[in-house]
Amino acid sequence: MAFHQADDGSWLLEDQACNGLRLWARHFEKLIVIAPLRPGLPPPAWVGLSRIGPALERIEIVPLPWAWRPDQFLRRLPRVRRQIRALIPRADWLGFAIGGLFGDWGAVAAYEARRQGRMHYIWADRVESAVTRERAKSAGKWRHRLLARLYHRPMAAMERDLVRHASLGLFHGRDTWSHYAPLSPNPQLVHDIHINREDHLPPAALKRKITEAGSGPLRIIYTGRAEPMKGAMDWVEALVLLAEQGVDFRATWAGEGSALPQMQARISAAGLSDKIALPGFITGRETILALLREADVMAFCHKTPESPRCLIEALISGTPIIGYDSAYPRDLIAGHGGGLLVPGQSPAALAAALAGLARDRARLGALIAHAAGDGAPFSDDAVFAHRAGLILTHLPRFGRTGQSPG
């Protein structure tokens, strides 16, 4: 999470982060939120903090400097450490999101909490060192590949140290949990989504979707950043192979990212510009949900241990998830089987799975129904209540229930 500053001096935050703060405030009397203030123009979809609603009065915002370069970080570290050191005794419960090396103020705060003998939790929604290791192989610029090769090992060492010394680990999704659980004294599998009950596909619409999936081109969607770690080029290659098998389809990757030019070049070279659309960044939750509801399947090619929310958003839209096998998607569809997972990070295997569904529409219809069943338990109210309950259960309130420094 990071803040931006508007021209009038007000702070802006990503819409889902605003929703998260609103939900946290349901379970705690006051929030102290520390996050970096990102320079430059804010992204178009970001909103004012007023989006949080009345709970904003109980939220103290503490912006920290943007310092992901080593020189920036080391220069600003002493002042920020003093600032964090003073904030920690004011909190009854402490939790820190980790995800970096230089400039990771959450990690700095966790070390400061440890120095003060304070119990705390660590939050992670992906294994950042694994993402960085993947970047070392696939980043477009040699400088970025070099930095990734230099950073990913010390980053992994820091992650292990932080998780081992946290009293509680909250890990979003099975992939992230599986990586960190052996290290954590109290690992908990949680989720982080921002969809409510009204966002779920209604029964009548689900029935109509199953009927419409019985004919016509196979409609394929992916929503997320177009980056190597997301398997962007694998996704395109799978669709090229699908076309070579004579399958009629229409596919959309909704999201911006560094891989878009390469994706577009491959699509053009294959003569598939009429079948594959790359609209870039799309604003508005309603628009994204409409795309997911209209699709027959979500095809994905994730390369690293992470827990993308888009898979859950697909399931609540009655859209089966078809993609590379790993612990996270396997866990999501364990209840009803609302998807198909292929081994080996193989575009050919993914193409074969999609071709099979295009030719067996009865099976596709059944998967759509199963996907809605797997998505049924998920809502933002439920997952934030679960996480808050874990914090209140496993971390004693500082100064109120006998916890002492050290």
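**Reading the model**

Modeller: Phe 73, Arg 76, Leu 77, Val 80, Arg 81, Ile 84 and Arg 85 of α2 meet Trp 105, Val 108, Ala 109, Glu 112 and Arg 115 of α3. These residues of the contact of α2 with α3 divide into 7 nonpolar, no polar and 5 charged. Here Ala, Val, Leu, Ile, Met, Phe, Trp, Tyr, Cys and Pro count as nonpolar, Asp, Glu, Lys and Arg as charged, and the others, Gly among them, as polar. Helices (H or I, at least four residues) are DSSP runs, numbered from the N terminus.

Colleague: What should I know about the source?

Modeller: This is a predicted model, in which local features need pLDDT of at least 70 and side-chain atom pairs count only at pLDDT 80 or more, while totals for chains, interfaces and linings use all residues. Residues are numbered from 1 along each chain as its sequence is written, and side-chain values use heavy atoms, with hydrogens and water left out.

Colleague: How are two packed helices described?

Modeller: By the angle between their axes and the distance between the axes. The axes are lines fitted to C-alpha atoms, for helices over the stretch in contact, and angles run from 0 to 180 degrees between N-to-C directions. For α2 (residues 70-87) and α3 (residues 105-115), the axes come within 10 Å and cross at roughly 50°. The two are therefore oblique to each other; angles under 35 degrees count as roughly parallel, over 145 as roughly antiparallel, 65 to 115 as roughly perpendicular and the rest as oblique.

Colleague: At what angle do α7 and α14 pack?

Modeller: Helix α7 (residues 203-212) and helix α14 (residues 361-375) pack at about 155°, with axes 8 Å apart, and are therefore roughly antiparallel. Leu 206, Lys 209 and Ile 210 in α7 meet Gly 365, Ile 368, Ala 369 and Ala 372 in α14. That contact divides into 5 nonpolar, 1 polar and 1 charged.

Colleague: Is Thr 176 buried or exposed?

Modeller: Buried means under 20% relative accessible area, exposed over 50%, partly exposed in between (1.4 Å probe, protein chains only). Thr 176, in helix α6 (residues 174-180), is buried at 0%.

Colleague: How many disulfides are there?

Modeller: A disulfide is a pair of cysteine sulfur atoms within 2.5 Å. The count comes to 0 disulfides. The sulfur of Cys 310 is 11 Å from the closest cysteine sulfur, in Cys 301, too far for a bond. Cys 310 is buried, at 7% relative accessible area.

Note on methods. Contact means heavy atoms within 4.5 Å.
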